[in-house]
Structures are given as structure tokens and as C-alpha cells.
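Here is a short briefing on one protein structure.

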Amino acid sequence: MKHLTEEDLSRLFDTPLFRAIGEVADQMGLHCYAVGGYVRDLFLERPSKDIDCVVVDPQAMFNVQSSMFNGDGPGIRVAKALGKKLGRGAHVSVFRNFGTAQVKWKDQEIEFVGARRESYSRDSRKPIVEDGTLEDDLDRRDFTINALAYCLSSEGLVDGKRLVDRFDGLLDMEDGLIATPLDPDITFSDDPLRMMRCIRFATQLRFQIEEETADALKRNAERIKIISQERIIDELNKIMMAQHPSIGFEHLQDCGILQIIMPELSALDVVEERNGRAHKNNFYHTLEVLENVCRTGVQSNHTSQFSILNSQLWLRWAALLHDIGKPRSKRWEEKVGWTFHNHNYIGQKMVSNIFRRMKLPLDERMSYVEKLVGLHMRPIAIADDEVTDSAVRRLLFEAGEDIDDLMILCEADITSKNQQKKQRFLDNFQLVREKLADLQARDNYRTWQNPITGEEIMETFGLKPCREIGVLKQAVKDAIWDSVIPNDHEAARQFMLQKAAEMGLAPVNA
């Protein structure tokens, strides 16, 4: 955290934009404050382009409920006046239903709202809103570090100072603490999304959650059920893209929210012992794999709509879900102990249900996660045995353009505390990578397609859709993958005819 004096802050806010906001507010007899994240991030030295401003009308009568929605409230009036002052290039959007307005200018977005106070009903996070003072507005903020305000107008200073720190947010920033301004039980019960935001800020900033605030998370975890999946997944993706997302998932598990929003992942947090033999805790193993992936990054070259940032997010989702099938596949075998046979295939089938329930995208991003979850044991199996051209070729065919990301995930999955075993796998993985590079140089396997289509098989043998078509296509594919025949149409067609004859099928024009 950077310690900023009033003089430091004055210099930071001495820009054309902030001067214009202050001048407009002064001309209208209003008090205007930059609040929340923008002010916080100045002290944390984090870049921030979004600016929130609260406008107070010192002449307003605060006993008139929702007067900010009757016509243009003070926030909307300032936004409109600012748009005119900034001139061309400034775009003003007014949202009267919410009493807010937004000004876009250059690369910045400034949100204006009148000061307000809020009250909530038990079954909704939608507040009843009334006009309020600056103090009322800061009272409703989620965390002390977000309850900072800086006066931009010439009037409206508090105790002669422009910086307003009503709840000692600066001290909490210095101590690295996330705490609520008021009673955390009321804060979280009123708007349960704040629980996700609490954990998200703790993850992004690597802050501790203050003890009473952490206890309130546990007491109010069930309240998360009234929050829409879209809101939850927005916060979850922000946690996922933090430098160390495992921090957030540990908090979610500890307070009981993870069991509600993603019970499949929470179910991994168990260690079962039988006859003195226990399996590892797959929840903490998963978080270790996730951290390993975050350190490595994404390498695949996806299409433009599957950007690098998107690739990084979905590679992290694949890491988070890679062992999701283990609880359903767990078995005890007397000779070998605990087993999780086919957990990758079980997990692959679970991905679509998880994505659908959590309102995650059901497009190529889900397919990518499914593929990596389903294939994540293959490179390990190859590395644990003789690394043959045939096995690596099959892997290339199935992984396609995602082969590099798959290898990242699989290497991240090696978390053994046995350093000799770990090094042996890493050395063998290097052999797999070398064979991958060699085969890629010789053949274009990333975009491979079977040279024999189902349509050609039906036309050749006069068939309608049936089981035999799939058998022939698979036989051709296996023959190419195992280097029985070359990867070209004529060789594949001759093999198809031979295989069909063994099955009692004859070409219709023979």
C-alpha cells in the first residue's frame, strides 16, 4: 500500500476530467465525491479506469422517499452537464429507473448517482432506495476499503479534508484486511452477493478476511441461494482469473458457500482411510494443479473468438474440474487400495451438467473443457509406459489444436511429494513432447479428419444410417493412427473395401 498525503491526492485528482466534474458540481451548488474502488486503487497502486461518483444536494429534503427517481436526480444532472462541458467525444447514458447516469469519455467511464440510503427485504437483494447523505451512502458500502470518498467540488469537505475515511478503510488496507463497515451479518444478509465479493477481494488483493466478517460468511452462507447464477459466475470467474485463485476456493469451501454453488468440487474435500491406507485429499490436489496451471499459462493458438484471455480462463476451469469424477469413481480394491478408474471419462460427462446449471457457456469453451478433462490421463499413461509413435499419434489426433494446453494441464497434475517419481514423469513427458514435435513436423495432425466419410461409406455400399458405418470409420481411423496405412484417401478407401469384405459388405456398383 502506498501512503498518500492530501497533497499527493490533490495532484492525482488534478486532471482535466476531475477538474471538469468539480466545476460542474460547483456551478450547480452540489457536492460531488469520487468513491469506492477508484479511490482505493490509488492507494493500492492498481490501474483503474472506472470511476464512481456520488452527488449530494445539500438543499434536498431527505424525507421524500425515492425522490431521486422523480425526474433527474442530482447524479443525472451532473452527468448531463459534464457531457456538455466535455463536448464532442463524450457520451452520456441515463438510467432513470436506477437514478444513475454514465459518461464515457476517452478511455474512461464515470458513473454518477445521487447519495442514497438502502433497506432490504429478506427474500430479495433489491433494496428500497431513498435519498440520503454522504454518510448514508458510505454506510451502505460493502467493505471498509470501498467506503473511501474524495471530494471533487469546492464545497462538501468533511472536517476540512477532501478525503473521507469514515470506517478506517486505510488502516484495513495497511493491515491487509477485508471487513464490513457495519454489522457483517446485516451486510451479507441484505445482499448475499457481497459474500462472493468479499472472497473475490481477498483473493485478488491477497488480504485476510477479518475474523468477525469470516464468521458472518459461515452464518449467512445459505443466503447465497437467492443470488442468480449469472451474478455468482461473474464473481467466480474473477476469482478464477486472480493470480492465486486457490485462495478464493479455500475461502468458499471453509465458509460453506462452495457446497451450495458447486457441490461436485466441494465433494473432493475428503480423505478416506481403510486398513491403514488413505487416498490424498483431491480438493487440495485440485487447487495445487490450478496454481501450477496459473504459473505456466496458455500456449494453444486458438481462433480470434477464443482469445488468449478466454483460453487462460477455460484452461483454469479444466484444471479445476479435471478430477471432478473421482468421488463417483472411487473404489476400494484389497490388492491395490483406493482406485479412481475412468474418473476422467466420468468427469468429462459431468462438465456439461455443471456448465448448464452454473450458466457457463455451452459452446466451444465447454467442449474445450470437456476435451481436456476427458484426455488429461492420456499423456500420463503414455509417459508411464513406452513412449511409442502410435500412442503419441493417437493423442495428437484426439487433442487436435488443444494439445499444448493438454500437456500443460497434465504436467501441472504431477503433484507427487516423491521427488524421484515426479522427476521420472517429467522426464518422460519431455519424451512425449519431443515425439509430438516430430510428428507435427511430419504430418498436420492438429486439423486431421478421417479421409473416409460416412456419406462415402453409405454411397459405396448402398447403406442407410447403421452401426456398420461407424465400425468402418473407426477401423480406418485406427489403421491410420497405428501406421498400418498412410494418411491419404486412396489408401484409406482400399482399406475400407478390404474391411467391408470381411464384414460381408460389397460395393453396390462392383
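Axes are lines fitted to C-alpha atoms, for helices over the stretch in contact, and angles run from 0 to 180 degrees between N-to-C directions. Keep that in mind for the helix pairs. The model is predicted.

**Helices α8 and α10**

- Helix α8 covers residues 193–205, and its axis comes within 9 Å of the axis of α10.
- The two axes cross at roughly 10 degrees.
- Angles under 35 degrees count as roughly parallel, so α8 and α10 are roughly parallel to each other.
- On the α8 side, the contact uses Leu193, Met196, Arg197, Ile199, Arg200, Thr203 and Gln204.
- On the α10 side, these meet Arg231, Ile232, Glu235, Leu236, Lys238 and Ile239.
- By class, the contact of α8 with α10 has six nonpolar, two polar and five charged residues.

**Helices α10 and α11**

- Helix α10 spans residues 229–240, and helix α11 spans residues 246–255.
- Their axes come within 8 Å and cross at roughly 135 degrees.
- That angle makes α10 oblique to α11.
- Leu236, Ile239 and Met240 of α10 touch Gly248, Phe249 and Leu252 of α11.
- This contact of α10 with α11 holds five nonpolar residues, one polar and no charged.

**The seven-stranded sheet**

- Strands of a sheet pair through backbone hydrogen bonds, either parallel or antiparallel.
- Here, seven strands form an open sheet with mixed pairing, in the order β3-β4-β5-β2-β1-β8-β9.
- Which strands sit at the edges? They are β3 (90–95) and β9 (163–165), and each pairs on one side only.
- From one strand to the next, the twist averages 25 degrees.
- Helix α2 (residues 16–27) packs on the sheet and touches β1, β2, β4 (100–105) and β5 (108–114).
- The direction of α2 makes about 25 degrees with that of β5.
- Inside the sheet, β1 (residues 31–35) and β2 (residues 50–56) pair in the antiparallel sense over five bridges.
- In this pair, Ala34 stands opposite Cys53 in β2.

**The second largest pocket**

- The second largest pocket has a volume of about 830 Å³.
- It is lined by 29 residues, and the closest to its centre are Lys280, Lys326, Met377, Ile380 and Lys421.
- Elements that give two or more residues to this lining are β13 (277–278), α14 (282–296), β15 (337–339), α17 (343–357), α19 (378–383) and α22 (419–442).
- Which element gives the largest share of the lining? Helix α22 does, with four residues.
- By class, the lining of this pocket has ten nonpolar, ten polar and nine charged residues.

Technical notes:
Residues numbered from 1 in each chain as written. Predicted model: local features only at pLDDT ≥ 70, side-chain atom pairs only at ≥ 80, totals over all residues. Heavy atoms only, no water. 1 Å grid on protein atoms, 1.4 Å probe; cavity = no way out; pocket = protein on both sides within 12 Å on 5 of 7 lines; lining within 4 Å. Points joined across faces, edges and corners; volume = space filled by probe spheres on them. Nonpolar A, V, L, I, M, F, W, Y, C, P; charged D, E, K, R; others polar. Pairing = 2+ DSSP bridges. Contact = heavy atoms within 4.5 Å. Parallel < 35°, antiparallel > 145°, perpendicular 65-115°, else oblique.
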